[in-house]
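Please open the model in your viewer and follow the selections below in order, from a whole chain to its parts.

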Amino acid sequence: MPKTHITMKVNGAEVEGLVESRTLLVHFIRENLAMTGTHIGCETTHCGACTVDIDGMSVKSCTMFAVQAQGSDITTIEGMANADGSLSALQEGFRMMHGLQCGFCTPGMIMRAHRLLKENPQPTEDEVRMGISGNICRCTGYQNIVKAIQYAAAKINGVEFREAAE
Amino acid sequence: MNDMTPTREQREAKLEGMGCKRKRVEDIRFTQGKGNYVDDVKLPGMLHGDFVRSPHAHARVKKIDDTEALKVPGVLAVITAETLKTVNLAWMPTLAGDVQMVLADGKVLFQNQEVAFVVATDRYAADDGINKVVVEYEPLPPLIDPFKAMDKDAPVLREDLAGKTTGAHGPRKHHNHIFEWTVGDKDLTDAAFRKAEVTFKEMISYHRTHPSPLETCQCVCSFDKIRGELTIWGTFQAPHVIRTVVALIAKLPEQKIHVISPDIGGGFGNKVGAYPGYICAAVASIVTGKPVKWVEDRIENLTATSFARDYHMTTEIASTKEGKVTGLRVHVLADHGAFDACADPSKWPAGFFNIVTGSYDFPTAHLSVDGIYTNKAPGGVAYRCSFRVTEAAYCIERAMDILAQKLGMDPAELRLKNFIKPEQFPYHSALGWEYDSGDYATAMKKAMETVKYSELRKEQSALREAFKRGETREIMGVGVSFFTEIVGAGPSKNCDILGIAMFDSCEIRLHPTGAGIARVGSKSQGQGHETTWAQIIATEIGIPADDIMVEEGNTDTAPYGLGTYGSRSTPVAGAAIAMAARKIKAKAQMIAAYKLEVHEDDLEWDIDGFRVKGLPEKTMSMKDICWAAYNSVPPGMEPGLEAVSYYDPPNMTYPFGAYICVMNIDVDTGVYKVRRFYALDDCGTRINPMIIEGQVHGGLTEAFAIAMGQEIRYDADGNVVTGSFMDFFMPTAVETPHWETDFTVTPSPHHPIGAKGVGESPNVGGVPAFSNAVNDAFSFLGSTHIQMPHDYWRNWKAAKDLGAVA
C-alpha cells in the first residue's frame with residue numbers, strides 16, 4: 001500500500017513519518033513515534049483513552065487518520081510534565097486526590113482535563129463531569145477524578161483547594 | 001534527648017505504615033504515560049495475530065479456505081484447528097474441568113467464536129488477511145433461551161460430549177446439562193417449608209454482563225528456538241497459574257516458560273481465564289520463530305472473552321408471621337454458554353454461591369444449581385466479586401425485601417430481626433461456611449442513622465399519597481442492602497485451581513542500607529499493591545514504606561502465587577507479607593540482642609526498632625540491624641536478612657456492609673435520579689483508607705452500571721446486540737452518582753493483621769441496593785419483583801405494566 005510522508009509537531013518537537021493513508025493517528029503515535037502513553041480502549045471513539053490535544057482541541061486519536069494530522073501541533077501525555085520534569089498541576093492533582101487506579105484511562109483523562117481547564121479555568125463539579133463525559137474510567141467512579149481536576153484548577157489559579165464535603 | 005530527636009509520632013509518620021492514606025507510588029509513572037502495559041511491549045521482528053470469527057451462533061464449519069488470505073501482502077500464516085491438531089492444541093482444558101475449542105473444530109457454538117488465526121507483519125495486514133479467509137458455514141438452530149436448554153428436542157450443542165453421562169462435577173442429566181450441584185439439608189428444609197406460616201417463591205434473574213476493563217485481553221509470545229524458552233507478556237491476573245497451564249498443555253518444561261504480567265489496565269475478573277488468543281499467539285511464535293502479539297479489540301472483548309453472571313435463581317423463604325426466617329430454598333439455572341469456562345476454584349462449580357444465606361440466621365437451607373450449555377460465549381467469571389458471591393448476595397437481598405413486603409414489615413427491620421448476632425461468631429451457616437467475625441446490627445443501625453432512614457420512609461409515604469392523588473408523577477424508592485462477602489480463596493482443604501492449593505506468597509529481602517524489595521505472588525490491576533504491600537511491611541518491621549520496593553507479575557522472580565481476583569490479595573497475599581515480615585523481625589531481634597549484648601527476651605519492639613526493656617535509651621533501629629545483618633551476625637547465624645512465606649489461610653474472610661440507596665423515578669419516562677447512595681463497609685483492619693475509599697467508589701460505579709443497564713444481550717438468533725460501548729452501558733461521570741462512604745472495623749480473628757479485603761464488596765452490596773431501590777419504588781403499585789437491569793425503558797415498562805402509565 002502506498003505511503004504518505006507526514007510531518008507534525010508532537011510535544012514541541014518536529015516529527016515525521018511514512019504512513020499508509022489508513023493508519024490511525026493513535027497507531028502513528030504509539031508505533032512510529034514509540035510514545036505509548038496514549039492508550040487504546042475501544043477503537044470506536046467511546047472511551048477516550050486515546051485522547052490527545054491537537055491544535056487546541058481534545059481529539060480521540062483512534063478516530064483520526066495520521067495523514068489528517070499533517071502540519072498540526074499535538075500534545076500527548078508525554079508532554080504534560082513541567083519543564084523541570086516535575087509533575088504538572090493536573091498530574092499532581094490525580095495523585096493527591098487518588099484520581100486513578102489502573103492508570104489506563106489516566107493519560108486520556110489528563111489530556112482532556114488539560115483542555116477543559118483551558119476552556120473553563122475554574123469549573124464546578126457538574127462542569128467537570130460534563131467536561132470529561134467523553135472519557136470512561138472503570139476503576140475510580142469519577143468522584144476523585146473530579147476532585148483531582150478541581151485541585152489542579154485551584155493550583156493553576158493560585159487559590160487554596162477546598163474539598164467539597166461528602 | 002535534644003530537640004532533633006524525632007518524636008514517636010514523627011517516627012510513626014515516617015513509616016507511612018498501615019492506616020495511613022499513603023499516596024500511591026504507581027501514580028508517578030501512570031500520570032506521565034510511563035506505565036508499561038502489554039500493548040506497549042514491542043520486540044524486534046514482532047508479528048501480529050488476529051482472529052477470523054464466526055458470524056453464527058451455531059453452525060457447522062464446512063470449509064476454511066485461506067488461499068486468498070495468504071496472498072495478502074504481510075500475511076505469513078493462517079492457523080486453523082487442523083494446524084493446532086498437529087501439536088494437540090485444537091482444544092484446551094478450562095478451569096472448570098471442561099474442554100474448550102481453541103479454534104473452531106467442525107462447528108462453532110457462539111457468535112464471534114475464534115475460527116482461524118491470521119499472522120501478519122502488522123495489525124493492519126492481519127486484518128486484511130482476515131477479510132480474505134473464506135469460511136463456509138452450515139447454520140444450525142441456535143439455543144439461546146436457557147430455560148429451553150434441557151427440553152427433549154433441544155439442539156445438541158456439544159457433540160464432543162456425546163455419550164458422556166458424567167462431567168467434571170458428577171452426572172449429566174441431558175445433552176446440554178453440565179452439572180448439578182447441591183448443598184444443604186433437603187429434608188430439613190422441606191420440613192421447614194411445610195411448617196412455615198409464611199412462604200413465597202420468586203424467580204430472581206441476574207442477567208449476563210461483562211467485566212470489560214478498559215484495557216482488553218492481550219499478550220505477546222516470544223519463543224526462543226535455540227534455548228527452547230517461551231516468554232509470554234500478558235494481561236494475566238494470575239501469571240503463575242498461566243505458566244503451569246502452559247507447561248501442562250503445551251508440554252514445555254515449566255522452567256523454560258517465563259510469564260510476565262506487566263502493568264494491567266483493570267481486570268475485574270476478565271483476565272483470570274486462559275483464552276484462545278494466548279494459545280494461538282504462542283503456537284504462532286513457535287511456528288514462525290518470531291514474537292507474536294495478540295490484542296483484542298473492544299467488540300471481541302465484550303463478545304468472546306469471559307462474561308459474568310447469567311444466573312436464574314428460583315428463590316423461596318419460609319418464615320414466621322413475625323418475620324423470623326426458618327428456611328431458604330434456592331434453585332439456580334446457570335447459563336454457562338458454549339463451554340464451561342467458569343473461573344472458580346476447581347471443586348466449586350457454582351463458586352461460593354452457598355453464601356446465599358447471607359447475613360441471616362437461617363436454621364436450614366437447601367441449594368441446587370444446574371449448569372447448562374447454550375450458544376453463547378463461555379466465561380462465568382467473577383466480575384468484581386468473589387466467585388458467584390454477587391449473584392448470591394443479590395438473590396438473598398432481593399428475597400429479604402420481597403419477604404418484608406409480603407409481611408408488611410420494613411425491610412431494614414426484617415434484616416435487624418434476622419441478623420447473625422455478634423456472639424454467634426464464629427458462625428456455622430446452614431450451607432456450610434464458618435463466618436469469621438461480624439457485627440451486623442451496629443453497621444446497619446449506623447447506616448440508618450446517617451441517612452435518617454425513618455424520615456426517608458415518611459417522605460416516601462407522603463410522596464406515594466401525593467402520587468395517588470395525581471399531584472406528582474414521581475415515585476421514590478429506598479433500597480436497603482446488607483451483604484456478607486466470602487473472600488480470600490482459599491484454604492487448601494477446600495480450594496485449589498487445577499490441583500494447586502490457593503495459597504499466596506511473599507519474599508522480602510532487606511538490603512544493607514535498610515531498604516528492601518518485596519516480591520509477591522499477587523498481581524495488581526489497579527489495586528495499588530506497590531503502595532499498600534509496603535505499608536504492611538513498614539508497620540511490621542519499621543522500615544519506611546518508601547524504602548520498600550514491591551514487585552509482582554514476573555514468574556521468574558516472584559514466589560509462586562495464585563494471583564489477584566476474588567478479593568483474595570489482602571486476605572491471602574497480605575497475610576503472607578505480614579508472615580514473611582515477622583520471620584525477618586524474629587531474626588532481627590536475635591541480631592539486635594547480640595549487638596546490644598542482652599537476651600532476646602529483654603528486647604521489646606518500638607515502632608522502628610528494638611529497645612531494651614526498662615532501658616528506653618538503649619535501642620537498635622531496623623536500619624542499623626539491616627547493616628549488622630551483613631557484617632556482624634551472632635556466631636552460627638547465616639548472614640543476610642530475608643524471608644519467604646507461603647500462606648495457606650485457615651479460613652476465608654467475611655467482609656460485610658450496609659448500603660442504602662435513595663432514588664426517585666419519573667413513571668412517564670422511566671428516568672431515575674439517584675438522590676443519595678451511602679455505603680458502609682467493614683473490611684476489618686484498614687491498610688490504606690484512601691485506597692479503600694477509591695475501591696468502594698469504583699465498585700459502586702460498576703454496581704450502578706450493572707443494576708441500571710449494563711447487559712450482554714442476545715437476540716433469538718444468538719447475535720450479541722450489546723457488543724460495543726455504544727450499546728453496552730458504561731456510565732460516564734455524568735450518569736455516575738455521588739458516593740458517600742463510611743466504615744466500621746471488625747477485624748478478622750484469624751488473619752495476621754485482621755484484614756478482610758474490600759475491592760469487590762461494593763459491587764456485591766451495590767447491585768441489590770440499586771435494584772431494591774427500584775423495586776421499593778414500584779412496590780406500592782403492586783409489584784413484587786422487577787428484573788434487572790433497570791434502564792429507563794424497563795422502568796417505564798414496569799410503570800405501564802402496573803397501570804401507572806396509560
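A residue is called buried if 20 or more other C-beta atoms lie within 10 Å of its own, exposed if 12 or fewer do, and partly exposed in between, with C-beta atoms placed from the backbone. This is a predicted model, in which local features need pLDDT of at least 70 and side-chain atom pairs count only at pLDDT 80 or more, while totals for chains, interfaces and linings use all residues. Residues are numbered from 1 along each chain as its sequence is written, and chains are lettered from A and ligands numbered from 1 in the order in which they are written.

Select chain A to begin: of its 166 residues, 56% count as buried, and its C-alpha trace spans about 60 × 30 × 25 Å along the principal axes.

Next, select residues 3-79 of chain A as domain 1 and 89-157 as domain 2, bounds that come from an automatic or database domain assignment. Their C-alpha centres lie 21 Å apart, and the contact (C-beta atoms, placed from the backbone, within 7 Å) takes 15 residues from domain 1 of chain A and 12 residues from domain 2 of chain A. On the domain 1 side, strand E3 (51-54) and strand E4 (57-60) of chain A each supply at least two residues, and the largest share, 3 residues, comes from E3(A).

Definitions and conventions
Contact = placed C-beta atoms within 7 Å. Helix = DSSP H or I, 4+ residues; strand = E, 2+ residues; numbered from the N terminus.
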